[in-house]
Amino acid sequence: MPRSRTVLIAFLVVTAANLLANATGVGLAFLLTKPLLMPLLAAYLWRVSAERAARPDRLLLAALAFATGGDVALMIDGTYWFLAGMACFLGTHLCYLAAFTRHGAATALRRTPLVAVPLGYAVLTVVALTWMWAGLTDVGLAVPVAGYAIALAAMATTATTQGWRIGLGAALFLGSDLLIAAGVAEVAQPPGAPVLVMATYAAGQALIVTGWATRVDTPPGAPVTPAVAPAAR
């Protein structure tokens, strides 16, 4: 079995343990598993690249490093830690955005039917922010969340040009962050929200990374068959 597959299995096992910890409220298991998720995906991407005698994409590795920082920051209570986590995830989205743009996202978005994708994500962002604005204002987070939401929507938009896995992964990532923001704004808190947040986040990141791994050998600017991801979950 290739080592990359072994690492991916380890990621799935740790993800399952984290979701179980969220569902049962076992704090120690949650603290031990969450910081391991993104490093395992980074290790998977590194191993895939090594097996194909290619260099791992530095932007993807940087995105996962930022995400690890965000995961750790959001494990600590407090507004400042929340802002620190949001800043780290902003770095994740900007790295993904740069990687997707480098691989032809801007050109692909001018083609039908993807030309409608930016409008769809823009509408979703405006509707979501309008829905949550009062609650976010009450906790002093409206402006930072709005800026973050714009970057997130831009990342998700460009992701749709990179194949169905990456496009779907970005949509799940957006859905996870929407659940977090809705909880912070106290406008919605579905049953099992912590499990849903981590499930959509882990699945989204895994789809982005495994989708990218299938094209490790593809040089920047090479054409990629796009697939439109859903605008929201």
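Me: How does the lining of the largest pocket divide into nonpolar, polar and charged residues?
Reply: There are 18 nonpolar, 5 polar and 4 charged residues in that lining. Nonpolar covers Ala, Val, Leu, Ile, Met, Phe, Trp, Tyr, Cys and Pro, charged covers Asp, Glu, Lys and Arg, and the others, Gly among them, are polar. This is a predicted model, where local features need pLDDT of at least 70 and side-chain atom pairs pLDDT 80 or more, while totals for chains, interfaces and linings use all residues. Residues are numbered from 1 along each chain as its sequence is written, and side-chain values use heavy atoms, without hydrogens or water.

Me: Which residues lie nearest the centre of the pocket?
Reply: Lys34, Leu74, Phe82, Ile180 and Val197, out of 27 lining residues. A pocket here is an open set of points on a 1 Å grid over the protein atoms alone, where a 1.4 Å probe fits, with protein on both sides within 12 Å along at least five of seven lines; lining residues have an atom within 4 Å of a point.

Me: Which helix gives the most to the lining?
Reply: α9, with 6 residues. At least two residues each come from α4 (58-73), α5 (79-102), α9 (164-185) and α10 (193-213). Helices are DSSP runs of H or I with at least four residues, numbered from the N terminus.

Me: Switching to α3. What does its buried side pack against?
Reply: The buried residues of α3 pack against α1 (3-24), α2 (27-33), α4 and α10. Among those buried residues are Leu37, Leu41, Tyr44 and Val48; buried means under 20% relative accessible area and exposed over 50%, partly exposed in between (1.4 Å probe, protein chains only).

Me: What span should α3 have?
Reply: Its 15 residues (37-51) should span 21 Å, and the end C-alpha atoms are 21 Å apart, which agrees. The expected span is 1.5 Å times one less than the number of residues.

Me: And what follows α3?
Reply: Ala53, with a positive phi near 55°, in the loop between α3 and α4. Ala53 counts as exposed because its relative accessible area is 76%.

Me: Where is Glu186?
Reply: Glu186 sits in the loop between α9 and α10. Its phi is near 60°, positive in a residue other than glycine. At 72% relative accessibility, Glu186 is exposed.

Me: Last one, Thr125: buried or exposed?
Reply: Buried, because its relative accessibility is 13%. Thr125 is part of α7 (residues 117-138).

Me: What is Thr125 in contact with?
Reply: Ala149 and Ala153, leaving aside neighbours within four places in sequence; contact means heavy atoms within 4.5 Å. The Thr125 side chain also reaches the backbone oxygen of Tyr121 at 2.8 Å.

Terms used: A polar contact is a pair of N or O atoms within 3.5 Å; within protein, one must be able to donate a hydrogen and the other to accept it, and residues adjacent in sequence count only if both atoms are side-chain atoms.
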